[in-house]
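The following exercises concern a predicted model. Each task is followed by a solution in steps.

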Amino acid sequence: MATEDELFDGEFLKKLEYLHIVSKRAFAGQFRAERRAKKRGSGLEFADHRAYSPGDDFRRVDWRAYQRLEKLLLRLFEEEQDLPIYLFIDCSRSMADGRPTKLAYACQVAAALCYIGLAHLDRVTLTPYTDHLGRELSSQRGKGQIFKVFKFLGQLASGGTTDAKAAFEKFCRSKRPRGISVVISDFLDPHGFETGLNLLRFSHHDIFAIHVVSQADSEPELRGDLQLVDVETGSTHDIAATPSLLNAYQHIYAEFCGEVEGFCAKYQFGYVRTQTEVPFEDVILQVFRQNRFLT
C-alpha cells in the first residue's frame, strides 16, 4: 500500500496547482463555472402552477389566475442547486496490480479531481467500494479540505472482490441528491460492469467512468506452463502461455475495453481509459477536454 507521503509529495502538489490554473481558465472561457441542478422551489424563474393545499403559503397564490379561473393555484419557480460530486474508488484486490498499482494511480486521479472540485466550492464525497461501500469521506467543501482528502486516500488498501451492483445499490438506496458520479476502476467485475453503472444511471446521476488499466492487464508477460490464480476469487486455471494464446488474450481484452467504452458512449457517460504509466495530470486534462466535469 502506498503511503500518503508517497502519493502526495511536493511534486504532486505543484501539478495540482497547475491543474487548478487550467481549470480556472476553462471556467472563465467556454465552460460554465458551476454544475447546477434545477428543482421546483422558490427561485426566480417561473415554471408551473399547482393546486393550493391547506397550509401552503398564501403569498405564492397566483391571484390573477384566481380571477380568471376561480381556483387557488400556487406559482412554482425553478430553484438552482449545486450538483454534488461523488468519487467512487474501486479498492478490490485486482486494483493491487501494476507499477504504480492501479489503486495508487486511482487515488492520485481522485485527489486531483477532488482538489479541482473543492477549489471551485463544489461539495465532494469520496467513496471506496469493493462488493460493498467502504467508509466514506463525505461532503467536503473548500480547498483547505484537501489535506483531509490526502489522509483519507493514503489509508486505502486493496482487498476483497468486486461487486459494483451490490455497492451502488446501497448508495442509491440512501437517496443522495443526484450529482456527478465519477467511477475510477479497472471494471473487472465478475458480475458485469454494466449493472453498477446502470444503477447510477437509473438514479439520474451524471456519470464519468475513468478506466484504469495496467500493462499486465493489456500485455501480460507470461511464458510456459503456468497456473493462474484469480486474485479476487481464488479460482485457478492451468494454461500453456504460447504466443497464440497471448495474442488471443490481448484480442479479448481489447474487446472488453471496447465494450466498456461503447457502453459509456451509448448512454452518453464521460469515459477515459488510461494505463498507470501515463502521468495522472494527462488524464485530468482528458477529463477537462470532454467538457463533462467542468460545465
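**Exercise 1.** Determine which classes of residue line the largest pocket.

*Solution.* Sorted by class, the lining of the largest pocket comprises 14 nonpolar, 4 polar and 6 charged residues. The volume of this pocket is about 890 Å³. Among the 24 lining residues, Leu188, Leu228, Val229, Asp230 and Tyr249 are the closest to the centre. Two or more lining residues each come from helix 8 (215-218), strand 9 (224-229), strand 10 (236-241) and helix 9 (243-266). Helix 9 gives the largest share, 4 residues.

**Exercise 2.** Locate the partners of the salt bridge between aspartate 186 and lysine 102, and decide whether aspartate 186 is buried or exposed.

*Solution.* The closest N and O atoms of the two residues are 2.9 Å apart. Aspartate 186 lies in the loop between strand 7 (180-185) and helix 7 (193-202), whereas lysine 102 belongs to helix 4 (residues 102-119); the two are 84 residues apart. Residues under 20% relative accessible area are classed as buried. Aspartate 186 has a value of 0%, so this residue is buried. Lysine 102, at 1%, is therefore buried as well. Lys102 and Asp186 also belong to a network of salt bridges with Asp217.

Note on methods: Residues are numbered from 1 along each chain as its sequence is written. This is a predicted model: local features need pLDDT of at least 70, side-chain atom pairs count only at pLDDT 80 or more; totals for chains, interfaces and linings use all residues. Side-chain values use heavy atoms; hydrogens and water are left out. On a 1 Å grid over the protein atoms alone, a cavity is a set of points where a 1.4 Å probe fits but cannot get out, and a pocket is an open set with protein on both sides within 12 Å along at least five of seven lines; lining residues have an atom within 4 Å of a point. Grid points are joined across faces, edges and corners, and a volume is the space filled by probe spheres set on the points. Ala, Val, Leu, Ile, Met, Phe, Trp, Tyr, Cys and Pro count as nonpolar, Asp, Glu, Lys and Arg as charged, and the others, Gly among them, as polar. A salt bridge is a side-chain nitrogen of Lys or Arg within 4 Å of a carboxyl oxygen of Asp or Glu. Buried means under 20% relative accessible area, exposed over 50%, partly exposed in between (1.4 Å probe, protein chains only).
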